[in-house]
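Here is a short briefing on one model.

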Amino acid sequence: QNLRRGRCNIALVAGVNLMLTPHVTVAHCKARMLSIDGRCKTFDASADGYVRGEGCSAVALKRLSDATAAQDRVLAVVKGTAVNQDGRSASLTAPNGPSQEEVIATALQEAQVSPTDVEYVETHGTGTALGDPIEVGALKAVYGAGRSAERPLVLGAVKTNIGHLEAGAGIAGLLKAVLVLLHREAPPNLHLKNLNPHINVDGFPVVFPHERMALGKWTGGGGKVLAGLSSFGFGGTNAHVVL
């Protein structure tokens with residue numbers, strides 16, 4: 001927004017997560033929030049919690065016109081963003097489906113793109129028995145409307161690779177989404193063997209990749225590919241980005 005308003009010409013956006021003391025992990029263990037076997041099994045029937053991870057990611061943002069004029073290598077374009085608050089839910093860790101639907105729809109509206117034109121979504125995908133079905137349900141409500149079987153939505157979760165970076169999770173998901181667009185290929189979701197039976201995909205053309213999957217088929221391999229990115233904070237902040 002500051003770039004669009006002309007308040008700056010370049011912005012550095014970063015997220016960092018380090019585990020320097022055991023206290024948070026101990027608290028999460030007591031709350032039974034973490035996976036027992038140390039594997040993040042997003043979308044899987046055996047999903048039993050997330051896995052804590054460390055990392056640092058950063059991106060440089062410029063107005064597309066400035067980047068083009070400077071002959072920068074543009075990896076992806078941020079088309080639209082939205083942030084909202086979860087509001088009232090069953091508990092601190094319980095997500096709110098309607099709030100997720102709202103933030104996704106708002107980001108798409110700002111991007112001025114149709115939900116059915118988005119081919120890939122990098123999900124928040126914590127790997128919990130409750131969170132995964134609610135998130136897929138919200139995606140179905142927004143991205144599934146009017147979607148044909150010939151244009152399925154591909155869902156990925158980088159947390160199956162590197163765990164949940166917590167304060168750095170959103171930016172890690174952004175980097176993966178950019179790489180997916182750059183290579184026009186979605187990598188497989190690890191540890192996904194049997195889809196969580198509470199995830200309702202009836203009438204929702206969706207793919208959870210088990211192996212590398214080529215994207216860009218709708219555009220004949222040469223046109224633009226659109227991706228969405230979701231990140232939902234522990235305190236109830238929801239964010240969605242369209243790239």
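A polar contact here is a pair of N or O atoms within 3.5 Å, where one must be able to donate a hydrogen and the other to accept it. The model is predicted. By that rule, the side chain of T126 makes a polar contact with the side chain of T128, at 3.4 Å.

- T126 sits in the loop that runs between β4 (118-122) and α4 (131-143).
- Is T126 buried or exposed? Its relative accessible area is 13%, and buried means under 20%, so T126 counts as buried.
- Leaving aside residues up to four places away in sequence, T126 touches C40, T42, G49, Y50, D132, K159 and H164.

**Nonpolar cores**

- The largest nonpolar core holds 24 residues. Within this core, F43, L108, Y143 and L155 touch the most other members.
- Which elements give two or more residues to this core? They are α3 (97-111), β4, α4 and β5 (153-156).
- The largest share of this core comes from α3, with 5 residues.
- F43 has contacts with T123, D132, V136, L155, A157, N189, L192, N194, L195, N196, I199 and F208, not counting residues up to four places away in sequence.
- Another core, of 17 residues, lies apart from the largest one. Its members include V154, V178, V180 and L243.

**Second largest pocket**

- The volume of the second largest pocket is about 350 Å³.
- Its lining consists of L64, L75, A76, V77, K79, L181, L182, R184, K224, V225, L226 and L243.
- How do the lining residues of this pocket divide? There are 9 nonpolar, no polar and 3 charged residues.

**Largest cavity**

- Rolling a probe the size of a water molecule over the atoms shows where empty space is left.
- The count comes to 1 cavity of 30 Å³ or more.
- The largest cavity contains about 30 Å³ of space.
- Lining the largest cavity are E122, T123, H124, K159, A169, G170, G173, L229, S230 and S231.
- α6 (169-183) and β9 (226-232) each supply at least two residues of this lining.
- By class, the lining of the largest cavity has 2 nonpolar, 6 polar and 2 charged residues.
- K159, part of this lining, is also among the residues that T126 touches.
- T123, another lining residue, is one of the residues that F43 touches.

Technical notes: Residues are numbered from 1 along each chain as its sequence is written. This is a predicted model: local features need pLDDT of at least 70, side-chain atom pairs count only at pLDDT 80 or more; totals for chains, interfaces and linings use all residues. Side-chain values use heavy atoms; hydrogens and water are left out. Helices (H or I, at least four residues) and strands (E, at least two) are DSSP runs, numbered from the N terminus. Buried means under 20% relative accessible area, exposed over 50%, partly exposed in between (1.4 Å probe, protein chains only). Contact means heavy atoms within 4.5 Å. A nonpolar core is a set of buried Ala, Val, Leu, Ile, Met, Phe, Trp, Tyr and Cys residues joined through side-chain atoms within 4.5 Å. On a 1 Å grid over the protein atoms alone, a cavity is a set of points where a 1.4 Å probe fits but cannot get out, and a pocket is an open set with protein on both sides within 12 Å along at least five of seven lines; lining residues have an atom within 4 Å of a point. Grid points are joined across faces, edges and corners, and a volume is the space filled by probe spheres set on the points. Ala, Val, Leu, Ile, Met, Phe, Trp, Tyr, Cys and Pro count as nonpolar, Asp, Glu, Lys and Arg as charged, and the others, Gly among them, as polar.
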